[in-house]
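Here is a short report for a first look at this structure. Start with the whole chain, then move to the details.

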Amino acid sequence: MSNETSKAFICKPALPAAGSIIFTGVAAIVAAGAAFGALHLGFAPWVMFVGWVAYFVRPISAAQGLRTGLCVWLGVGMGAVAALALGVLGPMLGQAAILPVVFVVACVVLALRSAPPFDNVVAWFLGLIAFFASHLPPSLLSIAELGAAASGGILAGWVAQRMQARLAGPH
C-alpha cells in the first residue's frame, strides 16, 4: 500500500461543523432510544452501553458486531462461572480465592486473543465486568439478561454507524 493510500485510511477529511453536529445527533438519538428501550424491557441501561462500547472497539461491520457480541456473551458466561468458582473456593481460601479464579479466567481469555471469532479481548472483559458489576446471581437467567441488554447496545451501535455512513455518502 502506498503512503498516500495508507493516509486515506487513517486521516479522513474533517467534517464541516454542521456535519459533525448531525453525526453527533444521530449517535445521541440512537443511544437515547437504546437506553430507553433497555429500561422499558427491564434491563439496566448501563449494560446496553457495555455492548455499545464493545461494538466500537473493533473495525465496524455487521459481521464484526456479531463476533463482538459472541465475545461479550462469553465474557458474561465466564463471569458467572467465575462467581460459582469463587463461591466454591471462598470458604477454603477466603479472599485469596480471587487469585486462582482471576488467573484461570485471564489465561482463557488471553489464550483466545489470536483465535477468531473469540479474539476480542476487550469484549470478553466488558462481559466479565458487566456480570460482576450487575451483582446478579450466577445463573442462566442472569447470563441471558445481561447478554440481551449488551446485544441491544451492539445493535444500537451498528444502527448508529449505518445511519452515519448513509449521511456521509460515498467517499
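## The chain as a whole

In the protein chain, residues 24 or more positions apart account for 67% of the contacts with a separation of 6 or more. Contact means heavy atoms within 4.5 Å. This is a predicted model: local features need pLDDT of at least 70, side-chain atom pairs count only at pLDDT 80 or more, and totals for chains, interfaces and linings use all residues. Residues are numbered from 1 along each chain as its sequence is written, and side-chain values use heavy atoms, leaving out hydrogens and water.

The protein chain has seven helices and zero strands. Helices (H or I, at least four residues) and strands (E, at least two) are DSSP runs, numbered from the N terminus. Of the 171 residues, 34% count as buried, meaning under 20% relative accessible area with a 1.4 Å probe, protein chains only.

## Helices α3 and α6

The axes of α3 (residues 45-55) and α6 (residues 121-134) come within 10 Å and cross at roughly 170°. Axes are lines fitted to C-alpha atoms over the stretch in contact, and angles run from 0 to 180 degrees between N-to-C directions. The two helices are therefore roughly antiparallel, a term for angles over 145 degrees. Trp-46, Val-50, Val-53 and Ala-54 of α3 meet Ala-123, Leu-126, Ala-130, Ala-133 and Ser-134 of α6.

## Around Gln-64

Gln-64 sits in helix α4 (residues 62-93). Is Gln-64 buried or exposed? Gln-64 is buried, at 11% relative accessible area. Not counting residues up to four places away in sequence, Gln-64 touches Arg-58, Pro-59 and Asn-120.

Conventions. Angles under 35 degrees count as roughly parallel, over 145 as roughly antiparallel, 65 to 115 as roughly perpendicular and the rest as oblique. Buried means under 20% relative accessible area, exposed over 50%, partly exposed in between (1.4 Å probe, protein chains only).
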